[in-house]
Amino acid sequence: MSGSGGRMQHWLQAEKEKMRDMSVRQKISYILTYYWLYIAGILTAVILIVFFIHRMFFSIKDFWFYGMFANTMENGGNESDLWYDFVDYADFDTTQKKVEMNSRTFFDPTVSGGTNNSYYQAFVALVESGDLDTVVMGTEALKGIGSSGRLLDLSDEKCADLMKKYSDRIITCIPYDEEYSEESVPVGIDVSDSLLCTKYHLYEEDCALGISAYTDRIESVETFLDFLFSEEEGSTDNG
Amino acid sequence: MKSAEASARRAKILTQIVLIIMAFIMLVPFAWMILTALKTNQESISVNPFYIFPHNGWHWENFATVWKSYNFVILYKNTILMIFFRVVCACLTATMAGYAFGRLKFPGKKVLFTLVLIQMMVPGQIFIIPQYLMVSKMNMLNTTFGLVFPGLVTAFGTYLLKTGYEGLPMDLEEAANIDGCSVPGRFLHIMMPLTKSSMVSLGIFTAVFAFKDLMWPMIVCTNASTTTLSAGLAKMQGQYGSEYPTMMAAATLAVLPMIIIYVIFQKQFVEGIATSGGKL
Amino acid sequence: MKKHMSPKEKSEAKWGLLFVAPTMIGLIILNFYPIFNTVYQSFCKTGDFGRGNTFVGLANYQKVLTATETWQSLWNTIKYALIEVPFGIIIALILAVLLNKKIAGRSVYRTIFFLPMVCAPAAVAMVWKWLYNTQFGLLNNVFHTNVAWISDKRIAWISIGIIGVWSIIGYNMVLFIGGLQEIPGDYYEAASIDGANGFRQFFSITVPLLSPTTFFIVQTRIIGALTVFDLMFMVMDKTNVALKNVQSIVYLFYQYAFTNGNKGYGATLVMVLLAFIMIITFVLQQVEKKVVYHN
């Protein structure tokens with residue numbers, strides 16, 4: 001390493017020698033012509049590093065809640081009425097964690113070729129990464145998704161409360177994979193008469209909510225369900 | 001002499017005929033896209049061949065509808081940013097690696113190149129979930145970096161440029177080697193300028209693939225202000241076949257900048273002859 | 001490796017490793033971590049309904065290798081490659097050579113041949129579905145036939161292959177034009193002075209000097225054709241009766257891993273495909289040493 005250090009010094013001296021008789025302007029243009037590539041490289045690296053540090057340590061990372069509303073033409077995405085009302089209702093501090101809603105996906109396992117699209121791939125990625133909490137879509141379509149095993153089995157201990165609370169709304173499906181069970185598994189909660197339909201008009205026909213098999217935010221899901229079945233209050237309309 | 005001229009002319013006419021036929025075949029879907037954009041909804045789903053042209057008037061307002069309902073300026077900006085960074089990253093890393101694989105001797109070269117090939121042999125779908133997880137864990141969702149992330153390096157480009165470097169004559173570099181030019185010097189000043197056309201092809205492909213990639217922007221950028229063209233048009237394409245005219249109008253508007261970029265790049269292609277052909 | 005390297009060799013080794021470092025590090029993080037994940041998954045039964053993975057050893061491999069479906073799809077994939085690779089390459093080569101001459105409207109043609117690459121996939125799918133439509137399709141109307149182009153077992157694979165060739169021509173052509181640009185013009189001038197005609201020039205200059213590019217295209221297209229997916233994704237429905245005789249192995253993988261949520265089985269299919277492509281690539285690399293011209 002000392003060898004290369006020596007070379008550095010040597011090089012610096014040689015460059016100084018060259019630039020001694022130049023004016024400031026000449027010096028700048030000399031440096032720019034011979035070293036622009038290095039300067040650009042170093043600048044980019046510095047900007048990238050600052051950006052990385054900023055994103056990784058000084059901005060919001062975790063989710064309070066990540067919900068997907070598939071196959072709807074209404075806006076139920078971030079900063080929609082639904083989003084604001086839910087954040088208000090749950091009293092989530094969005095400067096700490098994020099509330100994410102996505103209403104721009106379209107897939108339907110009950111239609112031939114209905115999962116042969118990028119939306120479905122995106123959905124699978126969101127589920128299997130554990131980011132997504134819930135998905136709402138037409139009841140039949142949700143059963144199809146349930147059959148692939150990507151929704152949480154609601155008879156699991158984790159959601160005993162949910163099971164008790166919404167026992168009359170449970171939707172079941174039969175798994176594709178017979179090794180699991182030939183009987184139906186509870187995977188969804190009917191939300192056809194919730195605020196989603198009555199107030200925000202995301203769906204006109206039957207719809208149901210499924211919980212991602214990989215989520216660890218069951219409490220947020222419970223809050224969201226409470227919100228969906230809460231009475232319409234005057235205060236939310238004003239906000 | 002006269003017969004030679006006549007045969008040259010015949011060859012030229014034959015060439016033109018072949019090219020015109022091929023051009024016609026290649027143009028069909030593009031023409032279809034634009035014609036569908038001008039039809040009414042009803043006409044667009046009819047498959048009767050006599051309805052190639054819109055017969056209920058030309059509905060130019062479809063374009064206006066699409067333009068108004070989307071913030072195209074932001075979509076163009078995000079798409080162009082993503083394409084720009086992907087092209088820069090791909091060309092930069094691939095030209096270095098391609099040069100090393102094509103011209104230098106170093107330990108482990110064969111093993112490493114096999115890895116490059118293996119990357120191309122597996123279906124891209126298996127990368128989606130792990131790559132999304134990485135971007136999510138790095139907290140890079142809704143950023144340009146998140147969009148560029150899967151395109152930081154390219155196995156295809158590495159292989160392409162390796163081929164490009166291998167094709168250059170050996171003696172070129174040997175002369176410089178004798179002069180005592182260092183490896184990076186040889187690379188930057190002699191070899192890299194000669195593979196310009198391979199780099200342009202790589203740039204074109206990277207841009208096209210980045211542009212057509214719908215799924216990645218869709219999961220990485222959920223905010224309307226950070227998403228790209230292809231994903232921004234999601235709402236229209238998502239409906240199963242019900243709004244073809246607006247969808248095609250949107251697709252046409254989305255494609256225009258790509259064509260402009262290609263036409264500009266293409267010039268570079270032709271200039272490539274002058275630089276590489278002249279020096280050799 | 002040799003223990004005694006001259007300073008020159010040492011510097012080459014150092015710079016070589018340094019130059020490939022960014023690409024290799026990127027590939028390992030972005031691609032090889034997922035690939036190892038897939039290898040691991042192929043030994044697992046993935047947990048449905050949030051119950052976690054269970055290790056099942058070679059059970060998936062046994063299932064995949066004994067399923068006739070696997071071999072049928074592998075054969076479908078090979079048949080597809082046999083159409084797409086040779087025709088896609090030959091047509092593109094002819095077009096590229098024609099466009100490399102000074103002819104009227106050259107840049108217009110180049111732009112037109114590039115268009116299918118950027119055209120919206122939905123438009124492409126619509127056009128082809130319309131062309132192949134049994135009742136109203138252009139093909140049946142023009143030829144006065146009544147052929148079920150994409151739902152007849154015997155010809156569906158050819159119809160799909162034709163779409164494949166059509167969509168790949170522009171891609172191959174861009175690469176060929178790039179390769180042609182790197183052939184020094186002086187060679188052709190010298191040949192013209194010697195009195196060689198167009199055909200002679202093509203076979204004695206273009207073909208050998210273009211062979212590295214050609215080999216590159218052959219290699220990447222074989223890999224591309226064997227991992228074909230988008231085409232079937234666009235044109236074939238699940239209800240199509242010819243699906244079994246057309247679906248590629250990646251399509252099958254998608255059905256298992258994505259649609260049915262059986263990731264372990266899907267991962268095993270990927271491994272089988274990977275092994276198959278690796279064998280072919282190995283053979284190709286041996287052929288390259290003999291056929292490809294290096295100056």
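Guide: Let's start with pLDDT, which is the predictor's confidence in each residue, from 0 to 100. Chain A has a mean pLDDT of 80, and 91% of its residues reach 70 or more. This is a predicted model, in which local features need pLDDT of at least 70 and side-chain atom pairs count only at pLDDT 80 or more, while totals for chains, interfaces and linings use all residues. Residues are numbered from 1 along each chain as its sequence is written, and chains are lettered from A and ligands numbered from 1 in the order in which they are written.

Visitor: Where is confidence lowest in chain A, and where is it highest?

Guide: Helix α9 (residues 234–238) of chain A is lowest, at a mean of 43, and β3(A) is highest, at 90. Over residues 234–239 of chain A, pLDDT stays under 50. The model has four contacts beyond four places in sequence for that stretch, a contact being two residues whose C-beta atoms, placed from the backbone, lie within 7 Å.

Visitor: What makes something a helix or a strand, and how many does chain A have?

Guide: Both are DSSP runs, numbered from the N terminus: helices are H or I with at least four residues, strands are E with at least two. Chain A has nine helices and six strands. For chain B the tally is 15 helices and zero strands.

Visitor: How do you know which strands of chain A form a sheet, and in what order?

Guide: Two strands pair if DSSP finds at least two bridges between them. In chain A, six strands form an open sheet in the order β2-β1-β3-β6-β5-β4, with mixed pairing. β2 and β4 (170–173) of chain A are at the edges with a single partner strand each, so one side of each has no neighbour in the sheet.

Visitor: Why is β3(A) called largely enclosed?

Guide: A residue is buried if 20 or more other C-beta atoms lie within 10 Å of its own, exposed if 12 or fewer, and partly exposed in between, with C-beta atoms placed from the backbone. Five of the five residues of β3(A) are buried, so the rest of the structure largely encloses this strand. Across chain A, buried residues make up 40% of the 239 residues; in chain B they make up 50% of the 280 residues.

Visitor: Why is Asp91(A) called exposed?

Guide: Asp91(A) has 7 C-beta neighbours inside 10 Å, so it counts as exposed. It lies in the loop between α3 (81–90) and β2 of chain A, and its phi is near 60 degrees, a positive value in a residue other than glycine. Most residues other than glycine have a negative phi.

Visitor: And what does Asn142(B) count as?

Guide: Asn142(B) has 18 C-beta neighbours inside 10 Å, so it counts as partly exposed. Its place is in the loop between α6 and α7 (144–148) of chain B, and its phi is near 60 degrees too.

Visitor: How many residues of chain A and chain B are in contact?

Guide: 19 residues of chain A are in contact with 21 residues of chain B. α4(A) gives the most to that side of chain A, with seven residues.

Visitor: And how many residues do chain B and chain C put into their contact?

Guide: That contact takes 79 residues from chain B and 74 residues from chain C. On the chain B side, α15(B) gives the most, with 14 residues. By class, the chain B side has 59 nonpolar, 17 polar and three charged residues. Here Ala, Val, Leu, Ile, Met, Phe, Trp, Tyr, Cys and Pro count as nonpolar, Asp, Glu, Lys and Arg as charged, and the others, Gly among them, as polar.
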